[in-house]
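Open the model in your viewer and keep the sequence panel beside it. The tour goes from one selection to the next and says what is there.

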Amino acid sequence: MTTAADRSSSSRYFSNRPPISFSSYNFNGTTPGLMHRSLDENRLTTKRTSECHQHSTPLTSGNVALNTQNPPSTLSPLYINRRRPTSASNMTSYSALKRKTQRTDISSNISRSQVNLQHVLGFTSISNSAVSQDRSTIAYASGSTVVLYDIHTQKQDFVISTARKAITSLSLSPDGRYLATGECGHDPKVRVWDLTGDRTACIELGDHKFAIDCVCFSPNVDRLVSIGSVHDGNIYVWNWKDKKKLASNKCTCSIRRIAFSEDGSYFVTVGNRHVKFWYLISASSLEVVPLRGRYAILAERKDNLFTDVVCGRGDCAGMTYVITANGLICQFDEHRQMRGERDLQEKTNCLAIGDLYLVIGCIKGAVYVFSPQTLDYIMSIPLPHYLGVDIAFITSIDQIPYSQQQSMSFPDTIAVCLDEDKSILTCFYNDHSFYIWDIKNKGSVKKRDSYMNHSGCGWGIETYSRTNTTSSILRNLSCITCSSDNSIRFWSLNHNETDTYFIPSSPSSNIFSRQLMKIIYLDDDYSKLCDIQTTQERPEFVPKIGGRCMKLNPDGLSLAVGDRNGNIRIIQMEKFQQIALLEAHDSEVLSVDYSHSFGTTFLASSSRDRFIHVFDVTKDYQLIATLDDHSAAITAVRFTNSSITSNLQLVSCSADKSLIFRSVLKNENGKYQFIRSNNIVEKQTFYDLAIDHTRETVNTACQDRMIRVYNLQDGKRVRTRKGTIGDDTGYLIKIDVDTSGRYIATSCSNKCVYIWDTITSECVAALYGHSEVVTDLKFSQDGFYLYTISGDSCIFVWNIVELATVPTTCRLQQTSSTKSTDVETTDADESLSQSLSTAEEHQLKLKRQRSLWSTADPCIPSMESKLFRTQLSDIIKDETSGKIFRSISLQDDESVFLDEDVEPVFSPIPTKTPNDTPNKMTSFFVENYDHENTTNNTIVNNGINLSNEIKRFFL
């Protein structure tokens, strides 16, 4: 907190500032699709091979979403090689290289688009070290994003770190111009951002080896102090503008907080049995000097855990105030001697100070205000909501029955910020809620605003579609989320408002959080709502509780929620009440889906227990079928209706690397049968699937970072796309297709979200900001927004209006079920007019002659059709000339299919290659997504087992 004399009249950075945007760039060198290899590899020269493989992709810093792909003439550390080393078994034909070059020239004409982060629901700050305030602006951490919240306008602004590391500490400079952040993870950096300038660039300060627990600007802003965690043990003083380290020292204990004196001559650190004064000297030397420090004289108080510290202002300049975990307030003078103390007789967590007030945050929601001169009591701040409150039925603070229920529990206060000029106090609580209080009237403290968020790992998100028949209660509903904090939350966001994202006059609003319509608690144990984490280190054991996945009924009247204990809960939407509990599985439910067919409504669920259960909704969720086709955890299950046959299909994918299509039929006895029509096995695990109803295809997210697309009619693979940027960026987790079928969004274990254009196969945006894996993502029904939820408990709302407003002529046409593929032959020469028909007729003959087919890439985008026909005219000469057709995917990964009327011919299964070994995953990914061990990659279709490794087959 600064005094009026210390504050500068610098211009505010909220006015006339556009939101943080992610520009979309084109990747000419990384066009997704299948790369074909000639059968006659002796034609290839070393020169052509090296040209094809030595492409690189630049890495950028700041908030730019994607990168341009043309590498500079000279290499730099910001460039990485995207290709694996060239080998005799990994060579690419010259024709493939030529096609890639031609596509590069065409895709470079695609216009840019913007994806803006519009709103963040949630925060990850756990103490005062990760919260800061400058006048009306409050800064707090949300994953790897810093949210700058303006109290008066209720707007959010953002500073996003593309390092994708959790922000553990932050500090706003006294003049409000600069923001310093510290992070955790490997090789953490202290980053300094100019909030009035370009936020895509920052100053980076290194040398810390582990997490950075505290950062703090000096009062004159020319110095910056950073303190590492207990494993790091370093304290550095920086001349941050010159990126120069001035002084350093070691500290063997865990430091909880740091505070500068008003004149900037010293700063004080506190921790476990630690209160120390560090003195700054004017360093004219070019070398780093030792930082000189002296311990405070604690006497009998030396064995306490000191949790926070502030330095006096105004008349109390020279005084230092510290608090202990057991509720003791200690006052020290500038000579490090204790001048006074007061015992609150309850545990304390945080401090804030002004000229007239000393604010202390305690456990159970208690906040007290004292006089900094005498430590006399002045007033108390009202308690926040009690844990488990029903926000939908409380419209006034007076309705909270605090005195009637002695068993009520309240969240602990973990951080406080004070703006004494405006008489505003902001309190953060460990259930991830924060309140803004007006303390102008000491006798009547009023709440100005409050927000309630998830406090545990977010698992599922579902968007709501408004229709003419939607009830008035649900018209303002935007999305629904579930989390491991044992709650389901219904959010109402008004995206059309310019000054606020919420609906103040809506009947669904409440006094606790205007963007929340309702909270449904899955358990009576409300202690899970509080985050008891006091350090940035990951806890060793995380209980498996709360919702895991969810799905709305197509009629919008019910919601199915699968939890982590194997139960399925049915929520009635109009009354927000649980109407059914199905004890369906023995392990956590990974996916649920609704479908309406045969005059009834089905509900399907899949789990880690390897079973799929199908329920009849119209008969009180009676179990009608149990499917056990998979041998490992079933990661996703979806219903879909065929527009050609009008048949209902059930598609599921599993960690056993299989994708199974089933037809749902009704026999003469009125019973439903789920007949397996296609069984596809790949070399990589399927983690999720999404149905593209516009083209009747299935898009799958795979472990090798590829998006494989399959035809719903025959189950054949029609396309393979890249799902991430780069070759070593983790694993795909989730996938979703927008309602128009134009864009696909994927989340990866590298904590990024990618948006892909299905027409050009280009990545139009790469979104950063979360500090944990994005566990679910959904497009809004109108296609204007993308919602992402993560393991860091935060929900991000991305504005993709510019992507949604594509010209109608750009919409893809319905994909034909007839396959056409990129092929290569040993000799080629034919006219363009006959190439396509020749290929189709020849494929029909080959299908009757062979029992095995290698899937290829028939779904060529419109921009490539001319190139494709030209290539065919060069390689197809005569349908009866006995040529051999073959297509090889980018990962040398084939999916095989069986013709029932022909005996299969295949070669033995080779041993597993090193390329099949999964890469090392993050701890969060291993804990939550490393499904059961997968089985050998074999395929079963109508009872016949086949190998997926085929050396050759003959016509």
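Begin with strand S47 (residues 648-654) and S48: the two pair in the antiparallel sense over six bridges. Strands, like helices, are DSSP runs numbered from the N terminus, with at least two residues (E) for a strand and at least four (H or I) for a helix. Two strands count as paired if DSSP finds at least two bridges between them. Within this pair, Ser652 stands opposite Ile660 in S48. S47 and S48 make a hairpin with three residues between them, and Lys657 in the turn has a positive phi of about 70 degrees.

This is a predicted model, in which local features need pLDDT of at least 70 and side-chain atom pairs count only at pLDDT 80 or more, while totals for chains, interfaces and linings use all residues. Residues are numbered from 1 along each chain as its sequence is written, and side-chain values use heavy atoms, with hydrogens and water left out.

**Next, select 658-666 and 672-681**

Strand S48 (residues 658-666) is mostly covered, with seven of its nine residues buried. Buried means under 20% relative accessible area, exposed means over 50%, and partly exposed is in between (1.4 Å probe, protein chains only). S48 is also joined to strand S49 (residues 672-681) by nine bridges, and these two run antiparallel. The bridge partner of Ser663 in S49 is Ile675. The hairpin of S48 and S49 has five residues between the strands, and Gly670 takes a positive phi near 80 degrees there.

Five bridges pair S17 with strand S18 (residues 266-271) in the antiparallel sense. Ala259 stands opposite Val268 in S18. Strand S17 (residues 255-260) is mostly covered, five of its six residues being buried.

**Two open sheets**

Strands of a sheet pair through backbone hydrogen bonds, either parallel or antiparallel.

Now move to the open sheet of four strands in the order S5-S6-S7-S8, where the pairing is antiparallel. S5 and strand S8 (156-160) are the edge strands, and each pairs on one side only. Its twist averages 25 degrees from one strand to the next. Strand S7 (residues 145-150) pairs with S8 over five bridges in the antiparallel sense, and Val146 stands opposite Val159 in S8.

**Aromatic rings**

Rings of Phe, Tyr and Trp (its six-membered ring) pair if their centres lie within 6.5 Å; planes under 30 degrees apart count as stacked, over 60 as edge-to-face and the rest as tilted. By this rule the count comes to 26 aromatic pairs. Show Tyr149 and Tyr451: the ring centres are 5.6 Å apart and the planes are at 80 degrees, so the pair is edge-to-face. Tyr149 lies in strand S7 and Tyr451 in strand S33 (residues 446-452), so the pair ties together parts that are 302 residues apart in sequence. Tyr149 is buried, with a relative accessible area of 2%, and Tyr451 is buried at 5%.

Which cluster do these two rings belong to? Phe123, Tyr140, Tyr149, Phe428, Phe434 and Tyr451 form one aromatic cluster.

**Stop at Phe123**

Phe123 lies in the loop between strand S4 (114-121) and strand S5 (131-134). Is Phe123 buried or exposed? At 0% relative accessibility, Phe123 counts as buried. Leaving aside neighbours within four places in sequence, Phe123 has contacts (heavy atoms within 4.5 Å) that include Tyr140, Ile414, His432, Asn453 and Cys794. Phe123 and Ser142 are 19 residues apart in sequence, and 4.2 Å apart in space, C-alpha to C-alpha.

**Zoom out**

The protein has six helices and 64 strands. Buried residues make up 61% of its 955 residues.

Conventions. Axes are lines fitted to C-alpha atoms, for helices over the stretch in contact, and angles run from 0 to 180 degrees between N-to-C directions.
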